[in-house]
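Student: I would like to learn how to read a structure like this one, feature by feature. Could you take me through it slowly?

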Amino acid sequence: MHLFLASATLPDTITFAIAAAICIVGSLGVVVSTHPVHSALMLVMTLFGVAVLFVEENAQFLAAVQVIVYAGAIVVLFLFVIMLLGVDRAESIAADPLRGQRLTALLLGLLVLAEVVLLGRGRWPTGAHSTAGALNQGTKPNVNVLGTSIFTTFLLPFEITSALLVIAIVGAVVLARRPRRPVGGASSPIPSAKGLTGPPEAEGDDTDRGPLQMGVEDLEDSDGLEAGRPGVPATHGQEGSKS
Amino acid sequence: MTVSAAWYLTLAAAMFSIGAIGLLVRRNVLVMFMCVELMLNAANLTFVTFARELNDVGGQAVVFFVLVVAAAEVVVGLGIIVAIYRRRLGATADDIHVLKG
Amino acid sequence: MTYSSLLAVIQTPHIDYTAILPELICIGGALALLLTGALAVRQLPTVVYTAMTVAISVAAVVSSLVLWHIVQLHGAFAAIAKSLAIDGFSVAFVLLASCVLVVAALAADGFLRREEVAGPEYYALALLSASGAMFMASANDLIVIFLGLEIMSIPLYILAGFDHRRQESGEASMKYFVLGAFSSAIFVYGIALTYGATGSTNLAEIASFLANNVLTSNALLLAGLGLLLVGFGFKIAAVPFHMWTPDVYEGAPTPATGFMAAIAKVGGFAALLRVFYSSFHTLAIDWQPVLFVMAILTLLTGAILGLVQRDIKRMLAYSSINHAGFVLLGLQAATASGVSASLYYVFVYAFLVLGSFTVIELVGKRGDRAHPIEGYRGLARREPFLALCLALLLLAQAGAPFTTGFLAKLYVVEAAVQAHSYALAVTAMLAGAIAADFELRVVFLMYGASAPAPAEATDAAPAFSIEGSLAVPDPVSSAPAPGASTGTLASAAVMTGHDLATVTVAGAAASERVEVPLLARAALVLTCGFTVVLGIWPAPLFAFVHAARLLF
């Protein structure tokens with residue numbers, strides 16, 4: 001506690017304590033919540049906490065951007081996708097677990113804990129000094145200083161973020177585009193499923209599509225098609241595999 | 001004068017680790033993305049704290065770029081989720097053919 | 001406030017356009033492609049976009065050669081407020097990225113036409129991705145490296161999921177994205193800690209700070225460095241950050257896999273070598289042991305797990321992990337010749353992997369589904385040209401003499417020996433031998449073992465040969481075909497006894513002729529020619545690599 005009181009005024013200390021509590025509770029909430037919507041709301045809470053801390057640290061412009069871009073756009077996008085997929089279905093979209101993932105998480109947790117202890121003890125100063133220009137330049141407002149920095153020292157990074165935005169737009173278009181040919185009937189995801197459901201369906205499926213519209217699967221799954229044709233033994237494939 | 005930088009850095013490290021562990025433990029992809037956002041925010045907080053401590057504007061400028069990257073990443077990531085979901089929709093839910101027109 | 005007074009307030013730095021010309025050509029070319037696609041009255045054929053992409057990437061090659069000559073004549077320089085370092089090293093990687101783009105565009109054309117993927121988006125994303133790798137290569141600032149990393153990676157996530165029809169493509173895209181986003185978040189945190197410890201994100205500033213100051217405590221800096229290494233490790237697929245590689249390589253569309261494997265290694269290694277060798281050289285004693293362990297794990301994991309793979313794309317994924325270990329060998333030496341050796345290796349490997357995946361894509365045929373190694377049995381009889389190309393590329397990857405691969409391996413091992421990392425050199429040779437085992441096994445499979453019922457296969461070939469568009473053979477003309485393929489299937493099943501899926505593909509592969517588009521043939525000739533010609537006559541590439549010096 002002595003570190004708190006060493007240099008900080010009481011209002012600042014109280015603000016930090018509340019904002020930090022909000023951040024920690026919010027981050028834990030994102031991870032622990034069973035419901036994605038709750039996670040998203042907890043994320044908003046964390047982002048507000050971080051924005052408050054930005055103001056405390058004399059980064060007013062970034063605090064504003066944090067609220068406008070993160071809470072206002074990114075989290076809304078999250079919520080939008082959750083709602084688009086349907087709240088129940090959003091639950092079912094799970095990534096494949098990696099082997100040893102929990103162990104990695106545990107190791108990582110221990111590693112970061114060690115780092116927290118290290119940072120908390122305050123033994124981090126290395127004697128580094130500013131190279132990109134001073135942050136507090138008398139009465140110059142934060143936005144002014146930051147803007148000057150971005151258009152001088154960080155001009156190239158600023159320019160190439162435009163490439164990122166182009167990528168995001170193209171990516172969104174490519175990913176959201178519907179495949180040209182109908183997906184439903186043509187592409188059964190499990191090739192063996194068609195063979196199991198039986199030949200009549202395969203035949204019936206093909207009648208309303210021209211030969212040019214045939215999906216890839218229909219060709220690869222040729223034993224299913226052959227099975228539908230009269231005169232060809234339906235089960236030659238399985239027999240072959242058994243022998 | 002606000003509290004010392006060490007507290008901010010500790011808070012950021014705690015947020016980063018919560019995000020990282022959450023990403024590895026949770027199965028839901030949307031929540032995993034949110035955990036990435038937590039990690040990026042922790043990095044941002046670290047940058048801003050060091051910028052204050054060094055009295056250097058560079059740290060704040062970097063946060064600006066990280067924000068742009070986060071936005072671009074989220075757009076593409078959510079696009080990937082929607083695309084996958086659509087494929088699965090076409091694959092599994094036979095009863096909602098009507099919706100696809 | 002008037003415009004002129006605003007200008008007086010902010011002194012924008014001088015922008016040296018020649019320094020970023022290759023990047024500008026790529027980004028501008030991508031925009032031109034997208035505009036062409038959007039403004040075209042009707043759907044343009046894919047070949048138009050291919051031609052444009054090849055022209056753009058050749059322009060990038062030419063501009064990077066011009067830049068190379070400028071650097072050789074006038075020396076290296078830092079450009080645009082010192083955020084870029086234009087030196088021999090960066091220009092060599094920029095040149096490599098442009099060459100990768102040329103070959104990738106040639107190789108992708110046939111795939112895009114066959115799979116009926118219309119539109120310029122594939123090429124636009126590839127161009128943008130390559131520009132990101134170029135920015136990574138010439139970055140002189142950690143934040144430029146980070147932005148370059150993202151510009152390179154995000155298109156790759158999208159390209160991995162480009163195939164709308166295959167579920168695995170989407171899964172690969174998602175897996176790559178989640179782990180990529182995770183690694184870039186770690187990378188940013190690493191930048192933050194490094195920034196806190198050194199007071200700058202600029203690589204030159206960091207180097208001079210570390211050279212002129214003795215740190216009271218370098219725990220923070222080492223933590224930052226470790227996190228940066230994790231971030232790079234994910235991109236270059238070094239163990240233990242390789243988990244995504246086999247799944248993503250297998251799931252992504254094959255041309256995208258080849259491009260991804262090449263460009264991610266180019267960008268990742270360019271930045272890794274510069275950051276560690278150039279900026280943190282004073283800390284070499286601290287990071288060398290970490291890289292030592294990482295290189296050993298990467299070499300052995302790639303080699304041993306590659307042995308048990310049955311899908312050729314997965315096998316090449318593990319092989320690429322093994323190769324990443326070899327490149328790390330050069331960095332671990334932390335000498336100028338080690339860095340040159342790594343550069344040489346990346347240069348060689350990028351062409352090898354592009355060529356290999358081009359062949360796999362062609363042999364895989366329409367649908368791009370499974371690529372079992374068993375399907376390559378007797379390929380030499382069916383497809384002599386493709387088999388020859390793949391054999392050459394695999395031999396080079398295994399390090400056979402008279403190929404570029406042999407010299408690359410020799411060069412990095414020599415660097416390790418010079419740095420007295422004998423254990424590492426021995427491990428590398430051992431791992432190289434193990435990896436050569438599974439790489440050469442495919443060559444033997446193609447040339448040695450007899451194909452299942454070749455006579456029947458040739459009989460059935462005309463009936464099943466499908467030119468251009470996909471048309472299901474009508475019952476009359478294909479009447480003999482089912483019988484023939486049944487025979488093939490049965491005999492293949494008896495011979496191999498593998499599961500049904502493998503046999504079906506092997507049977508289909510035996511009975512269908514592969515159509516090799518002209519442009520893919522050109523891509524193969526380029527990659528194989530590079531491998532063989534510079535393998536027999538290595539002097540130019542050696543001279544080139546030696547001239548590619550770092551700025552500081």
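Student: Among contacts in chain B between residues at least 6 apart in sequence, what percentage join residues at least 24 apart?

Tutor: Two residues count as in contact if their C-beta atoms, placed from the backbone, lie within 7 Å. In chain B, 44% of the contacts between residues at least 6 apart in sequence join residues at least 24 apart. Before we go on, note that this is a predicted model, in which local features need pLDDT of at least 70 and side-chain atom pairs count only at pLDDT 80 or more, while totals for chains, interfaces and linings use all residues. Residues are numbered from 1 along each chain as its sequence is written, and chains are lettered from A and ligands numbered from 1 in the order in which they are written.

Student: What are the corresponding percentages for chain A and chain C?

Tutor: For contacts between residues at least 6 apart in sequence, 52% in chain A join residues at least 24 apart, and in chain C the figure is 81%.

Student: How many helices and strands does chain B have?

Tutor: Helices (H or I, at least four residues) and strands (E, at least two) are DSSP runs, numbered from the N terminus. Chain B has three helices and zero strands, so that its elements, read from the N terminus, run α-α-α. Chain A has 13 helices and zero strands, whereas chain C has 23 helices and two strands.

Student: How do I read burial, and what percentage of each chain is made up of buried residues?

Tutor: A residue is buried if 20 or more other C-beta atoms lie within 10 Å of its own, exposed if 12 or fewer, and partly exposed in between, with the C-beta atoms placed from the backbone. Buried residues make up 76% of the 101 residues in chain B, 64% of the 552 residues in chain C and 33% of the 243 residues in chain A.

Student: Why can helix 3 of chain A be called largely enclosed?

Tutor: Of the 21 residues of helix 3 of chain A, 15 are buried, so this helix is largely enclosed by the rest of the structure. The length of a helix can be checked too, since its expected span is 1.5 Å times one less than its number of residues. Helix 3 of chain A (residues 36-56) should therefore span 30 Å, and its end C-alpha atoms are 30 Å apart, which agrees. After this helix comes A:N58, whose phi is positive, near 65 degrees.

Student: How many residues take part where chain A touches chain B?

Tutor: There, 86 residues come from chain A and 69 residues from chain B. The elements of chain A that each supply at least two residues to its side include helix 2 (10-32), helix 4 (60-85) and helix 8 (155-176). That side of chain A divides into 58 nonpolar, 22 polar and six charged residues.

Student: At what angle do helix 11 and helix 14 of chain C pack?

Tutor: Axes are lines fitted to C-alpha atoms, for helices over the stretch in contact, and angles run from 0 to 180 degrees between N-to-C directions. Angles under 35 degrees count as roughly parallel, over 145 as roughly antiparallel, 65 to 115 as roughly perpendicular and the rest as oblique. Helix 11 (residues 254-279) and helix 14 (residues 336-364) of chain C pack at about 170 degrees, with their axes 7 Å apart, and these two helices of chain C are therefore roughly antiparallel. The residues of their contact divide into 15 nonpolar, six polar and two charged.

Student: Where in chain C is confidence lowest, and where is it highest?

Tutor: The pLDDT is the predictor's confidence in each residue, from 0 to 100. In chain C, confidence is lowest in helix 19 (residues 454-464), at a mean of 40, and highest in helix 6 (residues 142-160), at 94. Over residues 453-509 of chain C the pLDDT is below 50, and this stretch has 90 contacts in the model beyond near neighbours in sequence. The mean pLDDT of chain C is 82, with 86% of its residues reaching 70 or more.

Notes
Nonpolar A, V, L, I, M, F, W, Y, C, P; charged D, E, K, R; others polar.
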